[in-house]
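Visitor: I have a structure open and would like to go through it piece by piece. Can we start once it is on the screen?

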Amino acid sequence: MTPTPNPRRRLGLAAAALAAALLLSACAGGSGATDPDASGDPVSGGTLEFGRVAAVTDFDLNQQITANNAFAIDKVFEPLVSFDKDGKIVPWLAEYTESDDGLSYTFTLREGVKFSDGNDVTPDDVIFSLQRHLDVGGPLPLDAPIDAVSKTGDREVTITLTAPYTPFLSELASFSNGIFPKDFGGVSEKEFFQNPIGTGPFVVDKWDPNGDLSFVKNAHYWQQGKPYLDSLVYKLVTDDTQLQQQLAGGQLDAIDDVPAANAAQLDSGSGTVLSQTTGWSTEQVFFNTEREQFADEHVRRAVALALDRDGITKATTFGTAEVANALLPPTITDSANDTVKSLDFDVSAAKAELAKSAYPDGFSITLTLASGDSQRAQIAQIVQESLAKIGITVKIEQLDIAVFRERFFAYDFDFMLNSGQSDAPDPNGFITFQADPEGFSKSYWTHYSNDRVTELMKQGRTTPEGKERKQIYLEIQQTLADEVPYIPLFFPANLKATRDNVHGFTVLPNGSVRFEDTWVEAPAN
């Protein structure tokens, strides 16, 4: 699961939101990829400049989690299996078979797969890469009960488990399970991740951890004829207004984040195309339950009842998002968004709930968010106004994104606005990251703990997909809705945009772009 605290949306008033939503529904194509047939066959060559709001700071795939790094890492490193634009698990570096008892998975590497330095990928490289991840753990660990990772042929690796593990392939599809050379190709870890070598479509050329990142094409890429681009540049543009202006002006070929209020404008603009796709993320209010006020469940429930999620969604997403009733987006397996009974907007009930708490007369508290994100700034104002009606005084604290991350990673906040981003289609990753008190993030930095939820999470990992597993995740989502360690607000769309000469711009449900499919149409003479 990838936290995505990056600035990316612009806001407006509710009336403007309605008008923009109507315009957007009339003109948005809703596609995650431009059809190459619309402009003929793909053309090789050229450079694509991609505007992003945060710099790439690290390529250590086993140690990273935030979107700014994850979606650069996955251009260099690739896993054995991956997922397509619909979220379906597909073979990637290897074909695979699963034993009938679910305890053994055999992976056969594609013939001719090479690293970007021209060396063949071998089972020894696979074993080294996965073992390093098992040793490191990291924010997206391999939690499957792996007994052994063994070479069973010249191009074959077999992974055996001590018990069936339903989300295994989904977990293995994460960017954090990318394959790299055994022994880091003979250099130190530090040296390797400064100049990483992988199987991905691109190779790092120039990299400023505080600025831009330039890739060049991997001449040894296993997908014949790809990537089409000669080079790809991640341009750092920290202001969402500047992103849009530079795209419209032609200084950028594509942008990673489109403010919802500007989606219709970009889609109908001259020379620009909107990409709007469903995703795996949930916009949320997160409580630090170590703060005495938010340790009180009645307080958290009162806050949830005081917030009009439907109104917030309409006012701030301009028709591009779906109201959240449960934690899991509908695009994730076993989402219960249509079933969970959420705490819906009711000011009288909010006041009554607060009266049951240790703070019946209210209190003062600070809401923290990243600066430069105009959508979350608007949400913060709505939260502030809404909670004032039940006696809670909210101070809004906006921090530089790097400082914001440092603060919430250190649990140094009262409550915050942020979003959770799944890295796979199975519910286990999302639920574990947000509700496991012993996990990397301690329930997404909330310190929430519920023994029943923890037990259900364990059951969900070993229960085969079907009615029983669906019921397990329904109970988890209902419990989270009742106890409210966080308030799911809405499920945002993946909103990106390109110039109209960019084609094959394929957006995955996790928000990453398959740039190996992207090509740039040459200007007409």
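Visitor: Where is the place of Glu353?

Guide: Glu353 sits in helix H10, residues 347-355. Helices (H or I, at least four residues) and strands (E, at least two) are DSSP runs, numbered from the N terminus. Before going on: this is a predicted model, where local features need pLDDT of at least 70 and side-chain atom pairs count only at pLDDT 80 or more, while totals for chains, interfaces and linings use all residues. Residues are numbered from 1 along each chain as its sequence is written, and side-chain values use heavy atoms, with hydrogens and water left out.

Visitor: Is Glu353 buried or exposed?

Guide: Glu353 is buried, with a relative accessible area of 7%. Buried means under 20% relative accessible area, exposed over 50%, and partly exposed in between (1.4 Å probe, protein chains only).

Visitor: What does the side chain of Glu353 make a polar contact with?

Guide: One partner is the side chain of His298, at 2.6 Å. Another is the side chain of Arg301, at 3.4 Å. A polar contact is a pair of N or O atoms within 3.5 Å; within protein, one must be able to donate a hydrogen and the other to accept it, and residues adjacent in sequence count only if both atoms are side-chain atoms.

Visitor: And which residues does Glu353 touch?

Guide: Leaving out residues up to four places away in sequence, Glu353 touches His298, Arg301, Ala302 and Leu305. Contact means heavy atoms within 4.5 Å.

Visitor: New topic, sheets. How many strands form the open sheet, and in what order?

Guide: There are 7 strands, ordered S8-S9-S10-S1-S11-S19-S12, with mixed pairing. Strands S8 (202-207) and S12 (272-277) stand at the edges with a single partner strand each, so one side of each has no neighbour in the sheet. Two strands pair if DSSP finds at least two bridges between them.

Visitor: What holds paired strands together?

Guide: Strands of a sheet pair through backbone hydrogen bonds, either parallel or antiparallel.

Visitor: How many bridges join S9 to S10?

Guide: S9 (residues 213-217) and S10 (residues 231-236) are joined by 4 bridges and run antiparallel. Phe215 stands opposite Leu232 in S10.

Visitor: Which helix lies across S9 and S10?

Guide: That is helix H2, residues 67-76, which also lies across S1 (47-52) and S8 and runs at about 20° to S9. Axes are lines fitted to C-alpha atoms, for helices over the stretch in contact, and angles run from 0 to 180 degrees between N-to-C directions.

Visitor: What is found in the loop between S1 and H2?

Guide: Gln64 is in that loop. Gln64 is buried, at 13% relative accessible area. Its side chain makes a polar contact with the side chain of Asp58 at 3.3 Å. The C-alpha atoms of Gln64 and Gly138 are separated by 7.5 Å, although these residues are 74 residues apart along the chain.

Visitor: Back to strands. How many residues are between S4 and S5?

Guide: S4 and S5 form a hairpin with 5 residues between them, and Gly102 in the turn has a positive phi of about 70°. S4 (residues 94-98) and S5 (residues 104-109) run antiparallel, joined by 5 bridges. S5 also runs antiparallel to S7, again through 5 bridges, and Ser104 has Thr160 in S7 as its bridge partner.

Visitor: What joins S6 to S7?

Guide: A hairpin does, through 2 residues. S6 (residues 146-153) and S7 (residues 156-161) are antiparallel, with 6 bridges.

Visitor: Now helix pairs. At what angle do H13 and H16 cross?

Guide: The axes of H13 (residues 427-435) and H16 (residues 467-483) cross at roughly 30° and come within 12 Å. H13 and H16 are therefore roughly parallel. Angles under 35 degrees count as roughly parallel, over 145 as roughly antiparallel, 65 to 115 as roughly perpendicular and the rest as oblique.

Visitor: What about H15 and H16?

Guide: The axes of H15 (residues 451-462) and H16 come within 9 Å and cross at roughly 155°, and the two helices are therefore roughly antiparallel.

Visitor: Last one. Where does Ser422 lie?

Guide: Ser422 is in the loop between strand S17 (415-421) and H13. Ser422 is buried, with a relative accessible area of 2%, and its side chain reaches the backbone oxygen of Ala424 at 2.7 Å.
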